[in-house]
Amino acid sequence: MAASDNEKSRLDEAARAGWLYFIAGHTQDEIARMLQISRASAQRLVSLCLAERLITFRLEHPIAACMELAARLKDLFHLVYCEVVPADPAAPLAAAGIAERAANVLESMLRTEKPTIVALGTGRAVRAAVERVSPIDCPTHQIVSLVGNISADGSASSFDTVGRLADRTKARHYPMPLPFLMSTAGERDQMLKIDPIAKVRAVAARADLRLVGIGQMDQLAQVHVDGFVSREELLEMMRLGAVGELTGWAFDADGRIISGGTNDRLTSIPPQVPAEALTIGAAVGPAKVSAIRAALKGRLINGLITDEATASAILKQ
């Protein structure tokens, strides 16, 4: 038997042992008897099942502290949707928890029979959420990008998630084939008049769900770190009062979209103010607290997925 065949057989055994243990609820002694192997072998197979991510888990238990924080945020900012997940003290910037919940929202929306339009922004949390969506066959739905998918150097953005989600769902998808920023406001306006671009924007305007990341505007702003805006452009927006950005649109501490700067040359779909369609921001971390609170205050979003540490900090501001 070839090495690859041996590996496949081993993974098959691990999957069987994992199913018997985690799904069927059998003990390792029972699994050993069922599979006619030693208890030590059964334990190794169960461990291999976890290590190879043959089985994954989603925490569904309603943790009281998280639910209370979500309720307070929902009431304070009149949110349509709010989810607060447990914080990981060892990794306060980890997006795994919020990505899992955002993936649940995407799956729930995409499993509906009614034709649905899902619009995606950029960011690590959005990308991580898309990676967690289970394969679904839903060709009647549409997925559209809110952000230009071409970086400043002309390369495709690594944060373009529309194509990835379309691969998983067989949904029709609409990327935004534009640079994130144009050279001038006039050039931007001309590009937006091109018929295919106008059609993509029209689809985005009808979105039933918008899932977006929320970025801070400081020296470590993602739009700068990831090469979408230069240091000079970032500093200009900070001087204009920017504390955060949503799909590239910079806003101030009151959640007002800033006039001038990179906003004049941005090709992204502008936020609805106030948000009308379900617009969920997914973000976590102390550096983003001011940006998240401003987006909530300005009603740029009407839904939020964050962790308990971030939620607590938002409520204390």
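1. Two strands are said to pair if DSSP finds at least two bridges between them, and strands themselves are DSSP runs (E, at least two residues), numbered from the N terminus. The model is a predicted one, in which local features need pLDDT of at least 70 and side-chain atom pairs count only at pLDDT 80 or more, while totals for chains, interfaces and linings use all residues. Residues are numbered from 1 along each chain as its sequence is written, and side-chain values use heavy atoms, with hydrogens and water left out.

2. The protein is divided into domain 1 (1-52) and domain 2 (64-316), with bounds that come from an automatic or database domain assignment. The centres of these two domains, taken over C-alpha atoms, are separated by 41 Å.

3. Strand β5 (residues 209-216) runs parallel to strand β8 (residues 278-282), to which five bridges join it, and in this pairing Leu209 stands opposite Leu278. Strand β2 (residues 117-120) also pairs with β5 in the parallel sense, over three bridges, with Ala119 opposite Arg210.

4. Strand β6 (residues 244-246), by contrast, pairs with β5 in the antiparallel sense over three bridges, and here Glu245 of β6 stands opposite Gly215.

5. Eight of the eight residues of β5 are buried, so the strand is largely enclosed by the rest of the structure; buried means under 20% relative accessible area, with a 1.4 Å probe and protein chains only. Leu209, Leu211, Gly213 and Gly215 point one way from β5, whereas Arg210, Val212, Ile214 and Gln216 point the other way, and all are buried. In a regular strand the side chains alternate between the two faces of the sheet.

Technical notes. Buried means under 20% relative accessible area, exposed over 50%, partly exposed in between (1.4 Å probe, protein chains only). Helices (H or I, at least four residues) and strands (E, at least two) are DSSP runs, numbered from the N terminus.
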